[in-house]
Amino acid sequence: MSIIIFLIIIYDELSFPSLMKRFTPFLLALCLLPSCSGQSGSQPEPTTARTDSTRTDSTATLADSAMVDAVTSATHVANSPTFNGVLTLSPRQQASITSTHSGRIHSLHIVPGQSVYKGQVIGTLDDPEFIELQQTYLECSAQLEYLQREYERQHVLAKEQAASQKVHEQSRADYLTMQSRAAAASAKLQALGISPQNVRAHGIQHYLPLTAPISGYATHITAHLGQYLEAGTPVCDVISSHAPLIQLTVYEKDLALMKVGGRLSFRVNGMGKTNFHATIQSIDRSVDKTDYSIKVYAQVTDAVPSFRPGMYVRAKLSK
């Protein structure tokens with residue numbers, strides 16, 4: 001094609017010199033156009049590669065979205081599941097101080113968060129019936145000693161036939177009756193946390209002490225001075241944080257990973273990237289009907305004093 005146009009230009013140049021001088025540049029430009037278009041077509045834009053790249057990114061996005069649990073909306077990473085939970089206490093590590101007898105609060109010796117030890121008096125109650133109970137016990141104890149000696153004396157006389165059998169039997173009945181009354185009064189004092197021996201040794205106590213059943217920290221104080229409490233009314237709680245648990249929420253698909261004795265590592269919200277450790281202690285047998293989760297409890301092996309029940313934790317299985 002280029003050769004033909006070149007020959008035409010030579011012919012016309014010879015025939016029409018002046019006219020061809022004007023149109024020759026245009027004809028040469030037309031000859032070069034196919035060549036230029038051919039070069040541009042020889043290097044097509046790599047649209048296929050871009051399409052493949054886009055498809056790859058889209059596939060990765062779909063794969064990531066497939067990792068989201070349909071029930072909990074939580075993302076799960078293969079071989080490294082993470083479980084959410086809270087710090088908690090076993091029932092043995094928390095106790096309530098209740099009023100075992102009705103009465104008015106005479107004194108309180110604690111504030112929320114204060115440490116207490118087992119047997120410590122945290123307050124006292126003022127009630128006349130408590131004083132009367134001690135009086136009854138002391139009177140029964142004194143009468144019991146007399147009736148016991150009388151019964152032993154009548155028993156000896158009855159053997160020697162120096163006393164009637166009726167008197168002997170009456171002394172025995174009086175002695176056993178007083179013995180049961182003294183035992184009942186003693187049991188009531190022990191139920192209130194009062195030693196009968198101390199009452200006999202030191203006399204009547206004017207106020208009923210309220211004592212801590214375990215060592216720990218006082219919390220949830222609901223009573224105040226002058227308040228009248230019925231028997232069984234809670235005064236405060238005592239919690240012990242030296243052996244806390246973590247309560248984890250585990251879903252059915254991850255339940256097979258949980259084994260009693262398995263080890264966990266966890267982090268506590270607000271304590272940075274410090275890792276703590278725990279050992280799985282028990283797995284609940286009931287399933288929550290709302291989100292189909294199971295509670296798993298693990299004993300913390302390296303607790304710190306700053307742990308508080310209810311703190312949020314994130315845990316994972318450790319080898």
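Glutamate 150 and arginine 153 sit 3 residues apart in helix H4, so about one helical turn separates them. Helices here are DSSP runs of H or I with at least four residues, strands are E runs of at least two, and both are numbered from the N terminus. This is a predicted model, where local features need pLDDT of at least 70 and side-chain atom pairs count only at pLDDT 80 or more, while totals for chains, interfaces and linings use all residues. Residues are numbered from 1 along each chain as its sequence is written, and side-chain values use heavy atoms, leaving out hydrogens and water.

Let's look at the salt bridges (a side-chain nitrogen of Lys or Arg within 4 Å of a carboxyl oxygen of Asp or Glu). The count comes to 4, including these:

| Glutamate 145 | Arginine 200 | 3.1 Å |

The bridge between glutamate 145 and arginine 200 has its closest N and O atoms 3.1 Å apart. This pair links distant parts of the chain, with glutamate 145 in helix H4 (residues 128-159) and arginine 200 in helix H6 (residues 196-202), 55 residues apart.

How accessible are the partners? Buried means under 20% relative accessible area, exposed over 50%, and partly exposed in between (1.4 Å probe, protein chains only). Glutamate 145, at 39%, is partly exposed, and so is arginine 200 at 49%. Arginine 153 counts as partly exposed at 44%. Aspartate 254 is buried at 9%, whereas lysine 253 is partly exposed at 44%.
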